[in-house]
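Hi there,

Here is the structure I promised to pass on to you. Have a look at it first, and then read on for what turned up.

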Amino acid sequence: CGMAAERTTFVGALVPAEIKPLAKLLAGLQPKQGDQALRGIVDVCLDSFQGTAAPENKVAELLASFQLKEDTLNDLFAGIHALLTHAFRTPDALLKQDVVREDLEFLGIPAEYLKTLLGAIFSPRRAAIVGALESSRVRLPRLANLQWRVDVSISTSSLKRAMRPSVLLQTTLSNGEISTFEASVDQFHQLRYNVAYVLKEMEEVEKKLQA
């Protein structure tokens, strides 16, 4: 338990449910056929990342050739697919081969399968796969434009001479949605503080990932 608290792997601080049983599943494969079966599953995963569906006979071939149960094959595919997805979504600058090897060992992946998984993660197809995953990712609209001005309320219904400043902001998102809102000076300072705080936290997280 102490070890789990000390290391965050490329799959995240919490190991996804699909990846948790992967070590046990791989350890249960027949030694001589295990790596060939893994290579077949990895090939199907790499093709799927680039939008190529596996031929219908591929699954039947894997089941027959390596004497795998259908449930076992499904769980293996889910685990390998999730593992590779996390690896391909991790920026290249943060993905070092020796560190990834240690991560895989930490996750309990048997030593005889490390070479195949490392070969897939650092495959020559990596750039194309990363591009395909990036283009298919669901994204929230981005801030495309921000306009602002300062208004001063000279008077209110209760005060003849108020001279109260406020900030009027208009945001335009990448999907074309426009929102306009008004903030008092105190509210604007709170907004400025919260944005600065979030940026600082993001920098701290980035430093930890690069350490």
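Predicted model: local features only at pLDDT ≥ 70, side-chain atom pairs only at ≥ 80, totals over all residues.

Gly 34 is found in helix α3, which covers residues 31-49 (helices are DSSP runs of H or I with at least four residues, strands are runs of E with at least two, and both are numbered from the N terminus). With a relative accessible area of 1%, Gly 34 counts as buried (buried is under 20% relative accessible area, exposed is over 50%, and partly exposed lies in between, with a 1.4 Å probe and protein chains only).

Residues are numbered from 1 along each chain as its sequence is written, and side-chain values use heavy atoms, with hydrogens and water left out.

As for the whole chain, there are 9 helices and 3 strands. Read from the N terminus, the order is α-α-α-α-α-α-α-α-β-β-β-α. Of the 211 residues, 27% are buried.

Two helix pairs share α7 (residues 114-121). Helix α5 (residues 70-89) packs with α7 at about 45°, their axes being 10 Å apart (axes are lines fitted to C-alpha atoms, for helices over the stretch in contact, and angles run from 0 to 180 degrees between N-to-C directions). The pair α5 and α7 is therefore oblique (under 35 degrees is roughly parallel, over 145 roughly antiparallel, 65 to 115 roughly perpendicular, and the rest oblique). Helix α6 (residues 97-106) and α7 have axes that come within 11 Å and cross at roughly 130°. That makes α6 oblique to α7, and this crossing is right-handed too.

Finally, the surface. Phe 181, Leu 191, Tyr 193, Val 195, Tyr 197, Val 198, Leu 199 and Met 202 make a nonpolar patch of about 780 Å² (patch residues have over 30% relative accessible area and no salt bridge, and nonpolar side chains are joined within 5 Å; a salt bridge puts a Lys or Arg side-chain nitrogen within 4 Å of an Asp or Glu carboxyl oxygen). Helix α9 (residues 185-210) gives the most to this patch, with 7 residues. Val 198 is found in α9 and, at 45% relative accessibility, counts as partly exposed.

Best wishes

Terms used. Patch = residues over 30% accessible without salt bridge, like charges linked within 9 Å, V, L, I, M, F, W, Y side chains within 5 Å. Areas by Shrake-Rupley, 256 points an atom, 1.4 Å probe, with all protein chains shown as cover. Left-handed = near helix turned anticlockwise from the far one by under 90°.
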